[in-house]
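The exercises below are meant to be worked with the sequence and the structure side by side. Try each task before reading its solution.

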Amino acid sequence: MMKLVTVSGPPSSGKTSVLLRVIEELKGQHTTLGVVKFDCLSTHDKALYEKKDIPVKVGISGNLCPDHFFVTNIEACYEWGRESGFEYLFTESAGLCNRCSPHIKNIIAVCVIDCLSGIYTPHKIGPMLKLADVVIITKGDIVSQAEREVFAFKVRQSNPKAKIIFMNGNTGQGAFQTAKLLENLSSEEGVHENRLRFSMPAAICSYCLGETKIGADYQMGNVKKMHLDVETKKENIKKQPDDENQQEEEIYENLHKIQSLSIIGGVDKNGEDEKVHLSIRPGDIVSIVGPTGSGKSRLLADIECMAQKDTPTKRQIRINGEIPGSDMRFSIASKLVAQISQNMNFIMDLTVEEFIKTHAKSRMIEGINQVAERVFQKANELSGESFGKNTPVTALSGGQSRALMIADTALISASPIVLIDEIENAGVDRKKALDLLVNEEKIVLMSTHDPILALMGHKRIIIKNGGILKVIETTEEEKNNLVFIQLIDDKMMVLRNKLRQGESLNSDIKKTFSIE
Ligand SMILES: Nc1nc2c(ncn2[C@@H]2O[C@H](COP(=O)(O)OP(=O)(O)OP(=O)(O)O)[C@@H](O)[C@H]2O)c(=O)[nH]1
Ligand SMILES: [Mg+2]
């Protein structure tokens, strides 16, 4: 039996990138599959699929609406898939128009949307998003944790029933969860006489038939006029439905504080057992060290997806000593993990104050003004260079952005686990940042090459050859040495600042480092 999966989403939202990664996961389990890409004028996607040896057909709609074109051709595509003996057939839409929904009843419907498209976009997209079973949010790697949360919240408001998954189309993070989810969803067999989930907007007017002239005399058929009088404007001011707040509360009520996170060892790249059973509690900081490419990010990814011996490392993650339910693994609402990494940026067109308040509002936090003030104060304490409430978030420097992201994650984000991926050069006060997270009873895991951060961890995980080699507890001697290393670092900071201010370093700096 073949599963048909319709994948839609705005142009360049990451549909192909997502599909290539999910297909890689499915192929790892020897699943046979194919793709049909629909587009209007041209597409480069065929080459991308072929490069990965994925059977692909392309349908170019030309002058026709690509979604109407899709419906008239889906039966033949289905036959092609069936005759080819596929277990999965994916269709990728042109992603041209936000209203149409080529989603079919009882056939798995996926919508791919990217975080960069702006927080109002989920409300602007019609059935393509609203009627999807699965919404995949891409490009989360580029934006802050807060923006991801606000975005997911907006998606949830538009489509409360869908499973929401964050996926990085470039690295494949999240592909595993998506593949698992697809395995668990069922799709009806055949499309003949099946129905679309939504009737497509009708557009049979004189322009459909080739008219080019403007003017009422030339307009026939399905024509709809805008009413631009004052009355209409008033009608357009929509009241928030009463149940919206209720819905917002439900989204976050599942989030509870966790008592422990356990990592149960799997295998390294050679299949050698990792002899590890590490339990981490709120307020603990664990650093992850090892050479570049050794598998530090893989460990973070295992935690992120709450691996259950079903990722390549065969590790298992337990929460409060138990296997987390699929809700915890796959639902955005009860997302346990927040992430902060070097390449994240703010993209929202908001000032610092507006930004913090928007995030706090999406989390239904009480006393928004006080919380916003605290986040603002803390972010300024963490950042080397201070910034104002009216600064647009997009104008913040790298250090300021990271400081705001950390303060915001500590004080507003609901996730009890924070994963930090190599932010050593971020220009933030690392000690204060970690203290803040720990005070908020977060579990912090950070991969790092920085000796100061490594020793700031209560424990550190040593990664080698894709596996956890050992876990070391930071000793008293190391803590004493950390004080010394920090003094050297402070001195380095003085030198750095001198150079920044245009001063010279002609004097004998050996004295600078003669610390007793
Ligand atoms: N940073 C980042 N870039 C991504 C991610 N997903 C996709 N991209 C990039 O976004 C661009 C568009 O991705 P595609 O997968 O081609 O998007 P698409 O929706 O298939 O586009 P069309 O089929 O042309 O509508 C590519 O340059 C990808 O590398 C992601 O999660 N993070
Ligand atoms: Mg594509």
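**Exercise 1.** At what angle do the axes of helix α14 and helix α15 cross, and which residues make the contact?

Solution. Begin with the axes: those of α14 (residues 398-411) and α15 (residues 430-439) come within 8 Å and cross at roughly 15°. Since angles under 35 degrees count as roughly parallel, α14 and α15 are therefore roughly parallel to each other. The crossing of this pair is left-handed. Next look at the side chains, where Ile406, Ala407 and Ala410 of α14 meet Ala433, Leu436 and Leu437 of α15. Sorted by class, the contact of α14 with α15 has six nonpolar, no polar and no charged residues. Keep in mind throughout that this is a predicted model.

**Exercise 2.** Describe how helix α13 packs on α14, and sort the residues of the contact by class.

Solution. The axes of α13 (residues 368-382) and α14 are 8 Å apart, and the two helices pack at an angle of about 135°. That angle makes α13 oblique to α14, and the crossing of the two is right-handed. From α13 the contact takes Val371, Arg374, Val375, Lys378, Ala379 and Leu382, which meet Ala403, Leu404, Ile406, Ala407, Asp408 and Leu411 of α14. By class, the contact of α13 with α14 holds nine nonpolar, no polar and three charged residues. A comparison with the first exercise shows that Ile406 and Ala407 of α14 take part in the contact with α13 and also in the contact with α15.

**Exercise 3.** In which order do the strands of the six-stranded sheet lie, and where does α15 lie on this sheet?

Solution. The sheet is open, with its six strands in the order β12-β13-β14-β10-β15-β16 and with mixed pairing. At the edges stand β12 (337-341) and β16 (467-473), each of which has a single partner strand, so one side of each is left without a neighbour in the sheet. Direction ignored, neighbouring strands of this sheet are turned by 20° against each other on average. Within the sheet, β10 (residues 285-289) and β14 (residues 443-447) run parallel and are joined by four bridges, and valine 286 stands opposite leucine 445 in β14. Finally, α15 lies across β10, β13 (417-421) and β14, running at about 145° to β14.

**Exercise 4.** What is the strand order of the seven-stranded sheet, and which strands does helix α1 lie across?

Solution. This sheet too is open, and its seven strands follow the order β3-β2-β4-β1-β5-β6-β7 with parallel pairing. Its edges are β3 (56-60) and β7 (163-166), and because each has a single partner strand, one side of each is left without a neighbour in the sheet. On average, neighbouring strands here are turned by 20° against each other, direction ignored. For one pair in detail, take β2 (residues 33-39) and β3, which run parallel and are joined by five bridges; the bridge partner of valine 35 in β3 is valine 56. Helix α3 (residues 66-83) packs on the sheet, where α3 touches β1, β2, β3 and β4, its direction making about 160° with that of β2. Helix α1 (residues 15-28), in turn, lies across β1 (3-8), β2, β4 (88-92), β5 (108-114) and β6 (134-138), and runs at about 170° to β4.

**Exercise 5.** How do the axes of α1 and helix α7 cross, and which residues make the contact?

Solution. The axes of α1 and α7 (residues 175-184) come within 9 Å and cross at roughly 65°, and the two helices are therefore roughly perpendicular to each other. Their crossing is right-handed. On the α1 side the contact is made by Arg21, Val22, Glu24, Glu25 and Leu26, and on the α7 side by Ala175, Phe176, Thr178 and Ala179. By class, these are five nonpolar, one polar and three charged residues.

Conventions
Residues numbered from 1 in each chain as written. Chains lettered and ligands numbered in written order. Predicted model: local features only at pLDDT ≥ 70, side-chain atom pairs only at ≥ 80, totals over all residues. Pairing = 2+ DSSP bridges. Axes fitted to C-alpha atoms, helices over the stretch in contact; angles between N-to-C directions. Contact = placed C-beta atoms within 7 Å. Parallel < 35°, antiparallel > 145°, perpendicular 65-115°, else oblique. Left-handed = near helix turned anticlockwise from the far one by under 90°. Nonpolar A, V, L, I, M, F, W, Y, C, P; charged D, E, K, R; others polar.
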